[in-house]
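Please read the following note beside the sequence and the three-dimensional view. Each numbered point takes up one topic.

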Amino acid sequence: MIKENSSKYSLDIVYVNYFSSSDTSFSIESLYKLEIYNFYKTNIFIIDNSFTESNQQEVTTLSSMHKKFKEKDFTIFYLPSDKNLGFGKACNRIIRHGKSKIILFLNCDTDFSKTKIKDLVRTINEVKGDIGIIGPKVVSKENLLHASCFSFDPTSIFLKPFRHVRKIGNLSSFIPEYKFFKKRIDRIIYEGMDKTKKIKVDWVSGCSMFVSRKFFVSAGGFDDRYFLYFEDVDLCRKAKQLNYKVIFDPRVTVIHR
């Protein structure tokens, strides 16, 4: 069991690595540059799903990352996995090593270079009470807005892989019933709603999720039966069942590289 830094205020951050050592390193460095350690004892947990298949350089990059950062309140823990557990199961396994009240689940290819620390701290502090999950605004490297909050439309799960079809430009003319898909997708992603303010939504993208540990534990964590892609939907569904709110907060910007 990894011993967490003892502190009244701490934050656990989770990365599930799968052949993404350079992305994971980049993301962690972008967090470090925010000086988040001035506000929280920041415990970063990396579980490596590609450990048994990676070359030595990949493993060394991740396993020695803790040596790069000298701040005592910015600690990195590396856990190699003997097999690819998938996203949800890996998160469930590694999260047992932390104790912080707030957990930040991150994709390895996230980037905090456009994030303002005051906004990040404010959002972290708002994950309490009946708020179980908060999702930030997600943008591309080119600052294009990604769809990152969604409704429980009856066909939302089916259409999830197609939610970017509205961005394919002229190719849309070759897709039957494109207008139907676009209309449906717009409903799913709350198109037309004011997304400059916090709003309560059905579910948020799992690429960046601030989650209450109290809620996460009461929900039983992620469902291990989902290997990839649908854990975020399912966790937000559990939040609704347990009377926790899921919030989209555009005041925090995270780049999805």
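The points below go from the whole chain to single residues.

1. Basis of the note. The model is predicted, so local features are reported only at pLDDT of at least 70 and side-chain atom pairs only at pLDDT 80 or more, whereas totals for chains, interfaces and linings use all residues. Residues are numbered from 1 along each chain as its sequence is written, and side-chain values use heavy atoms, with hydrogens and water left out.

2. The chain as a whole. The chain has 8 helices and 11 strands; these are DSSP runs numbered from the N terminus, where helices are H or I with at least four residues and strands are E with at least two. Of the 257 residues in the chain, 54% are buried. Buried means under 20% relative accessible area, exposed means over 50%, and partly exposed lies in between, with a 1.4 Å probe and protein chains only. The chain exposes about 13100 Å², and carbon and sulfur atoms supply 54% of that area. Accessible areas come from the Shrake-Rupley method with a 1.4 Å probe; for residues, only the protein chains shown count as cover.

3. Contacts along the sequence. Contact means heavy atoms within 4.5 Å. Among the contacts in the chain with a separation of 6 or more, 83% are between residues 24 or more positions apart.

4. Gly 88. This residue belongs to helix H3 and has a relative accessibility of 0%, so Gly 88 counts as buried. Not counting residues up to four places away in sequence, Gly 88 touches Phe 222, Asp 224, Tyr 226 and Glu 231. The C-alpha atoms of Gly 88 and Asp 223 are separated by 6.5 Å, although the two residues are 135 residues apart along the chain.

5. Aromatic pairs. The structure holds 12 aromatic pairs. Rings of Phe, Tyr and Trp (its six-membered ring) pair if their centres lie within 6.5 Å; planes under 30 degrees apart count as stacked, over 60 as edge-to-face and the rest as tilted. In one of the pairs, the ring centres of Tyr 32 and Phe 69 are 4.6 Å apart and the planes stand at 45°, so the pair is tilted. Tyr 32 lies in helix H1 (residues 21-33) and Phe 69 in the loop between helix H2 (56-63) and S3, so the pair ties together parts that are 37 residues apart in sequence. Phe 69 counts as buried because its relative accessibility is 9%.

6. Tyr 37 and Phe 74 form an edge-to-face pair, with 6.2 Å centre to centre and 80° between the planes. Tyr 37 lies in the loop between H1 and S2, and Phe 74 in strand S3, so this pair also ties together parts that are 37 residues apart in sequence. Both Tyr 37 and Phe 74 are buried. Ring pairs link Tyr 32, Tyr 37, Phe 69 and Phe 74 into a cluster.

7. Ser 205. The residue is found in the loop between strand S9 (203-204) and strand S10 (208-212). Is Ser 205 buried or exposed? At 13% relative accessibility, Ser 205 counts as buried. Leaving aside neighbours within four places in sequence, Ser 205 is in contact with Ser 148, Phe 150 and Asp 232.

8. Two residues with positive phi. Most residues other than glycine have a negative phi. Asn 143, however, has a positive phi near 70°; the residue is in the loop between strand S6 (131-139) and strand S7 (149-150). At 46% relative accessibility, Asn 143 counts as partly exposed. Asn 243 likewise has a positive phi, of about 65°, and lies in the loop between H8 and strand S11 (245-256). With a relative accessible area of 66%, Asn 243 is exposed.
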